[in-house]
Protein chains: 2
Amino acid sequence: MTKQELIDQIKLKKSFLCIGLDTDLTKIPKHLLASEDPVFEFNKAIIEATKDYCVSYKINTAFYEAEGISGWQSMDKTLALIPENILTIADAKRGDIGNTSNMYAKAFFEKMNFDAITLAPYMGNDSLAPFFEYKNKWGIVLALTSNAGSADYEQQMVGNEFLYERVISNTCKLASDEQLMFVVGATKPQDFVTIRKHAPNHFLLVPGVGAQGGSLAEVVKYGKTNDIGLLINASRSVIYVSNGLDFAEAAQAEAKKLSLEMSAYL
Amino acid sequence: MTKQELIDQIKLKKSFLCIGLDTDLTKIPKHLLASEDPVFEFNKAIIEATKDYCVSYKINTAFYEAEGISGWQSMDKTLALIPENILTIADAKRGDIGNTSNMYAKAFFEKMNFDAITLAPYMGNDSLAPFFEYKNKWGIVLALTSNAGSADYEQQMVGNEFLYERVISNTCKLASDEQLMFVVGATKPQDFVTIRKHAPNHFLLVPGVGAQGGSLAEVVKYGKTNDIGLLINASRSVIYVSNGLDFAEAAQAEAKKLSLEMSAYL
């Protein structure tokens, strides 16, 4: 998916919501557990119910890997189900030496057909470069995350800037804003001012609104660009609103509510 | 596997070799491609031929993920084949917020039964903590890697030390040397002096000897502890010595040569 196609979808749907499919067998409604592939049945219902209110789905690979081979099958089937005009993100946080990153890129961009993958930058630019060799595919690099541990390294000073700033400016040498996004947590919205100095036009994938407590209004205030430039992710706060028979309707209501809130900013 | 069990194996085999199973369909002998599971057949022959000369196998998950579900099946089958007294490492470079890292730990330590997993520290200690909740399982945290990109962040100064030093000392707060190792590349052996200041008794997993050009003698000179404290990884330089019918014997000869070289230091 190109940047323009993503922007067009945002304008069409009046939403910049990304829904995270952190699908956990211990949290989905009990009545689904009798089906052959409960994870897929849950995702299918959630996607059907929410696809008009979001522009992206983010599949958190850990939750699928935890179920072993059947989990990868659920992931494959889920991915195939997502409409083509919705950006698909593998939230996989990969990154390794070049010949290994080549293999990860092959896994997520060829073997599976994700539009985007999240990447961990610790090993430096040559560990990320292979992901940017694919046309119309996206690398979404961890910059400033929403967990407490972001203080350990991300928010440490390197020279006269934070490590996460160095990561952003350095990664921008690898790819343009047509292929590169950053993960920026919503917990301290003022940080978006700093981030926009380094990445004025990039889309930012923003977790931490909802379950982790961040505010949408604040994120938009400090983080938006002319093209909005934000994908706001909500996972647990959308998909686990109800664990009864009405789980899909409840998720739909929450996604609709969020997208309505977003439409005011578009 | 406990630290003492690993040390006992090293003494018994007079080897501290780890063999990396970076098994790539484009590089394995052509005659294997006709079999039902060429990756598994290759690994099986390599393990049979080399298991007396190494104390660990490292499965580079990217190479298996690149083959999709059949790749995960090959990984499962390979893992089941490795003798129990050999340390199994998932070279997966995982790390995410706590509830997601929980899922990765479940994937590699419960669903699969790896002894160890490599971890990417960018998101900080709370992203690594879940992996250390498993008794007799190991987290192997990226510190100083062997690629050029290690200069981008790992070798940047944070306060009065390198980022990789900060990672080592900070991660040591999470777990003892009974559960925690670090990845340290072999490309600049003098760096081991600095690393040993922070991790005097930890095992270090050392890639970069062989295909990437590092020297075993230099690594031992600067990096060894009383218990040796090193796992030297060789992947391509062992498993791809020959791509003919004799590939397993050729790998065995190379593993034997390396282990003989190592025995001199024990």
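The dialogue below goes from the chain pair to a helix.

Guide: This is a predicted model: local features need pLDDT of at least 70, side-chain atom pairs count only at pLDDT 80 or more, and totals for chains, interfaces and linings use all residues. Residues are numbered from 1 along each chain as its sequence is written, while chains are lettered from A and ligands numbered from 1 in the order in which they are written.

Visitor: Which rotation superposes chain A on chain B?

Guide: Two copies of a chain are related by a rotation about an axis and a shift along it. Here the rotation is 180°, the shift is 0.0 Å and the RMSD is 0.0 Å (least squares on C-alpha atoms of residues with pLDDT of at least 70 in both copies). The copies are thus related as by a two-fold rotation axis.

Visitor: How many residues of chain A are in contact with chain B?

Guide: 47 residues of chain A meet 47 of chain B (contact: C-beta atoms, placed from the backbone, within 7 Å). Helix 5 of chain A gives the largest share of chain A's side, seven residues (helices are DSSP runs of H or I, at least four residues, numbered from the N terminus).

Visitor: Which residues of helix 11 of chain B are buried?

Guide: Among them are Phe247(B), Leu258(B) and Met262(B) (buried: 20 or more other C-beta atoms within 10 Å of the residue's own, placed from the backbone; exposed: 12 or fewer). The face turned away carries exposed Lys257(B), Leu260(B) and Ser263(B).

Conventions:
Contact = placed C-beta atoms within 7 Å. Helix = DSSP H or I, 4+ residues; strand = E, 2+ residues; numbered from the N terminus.
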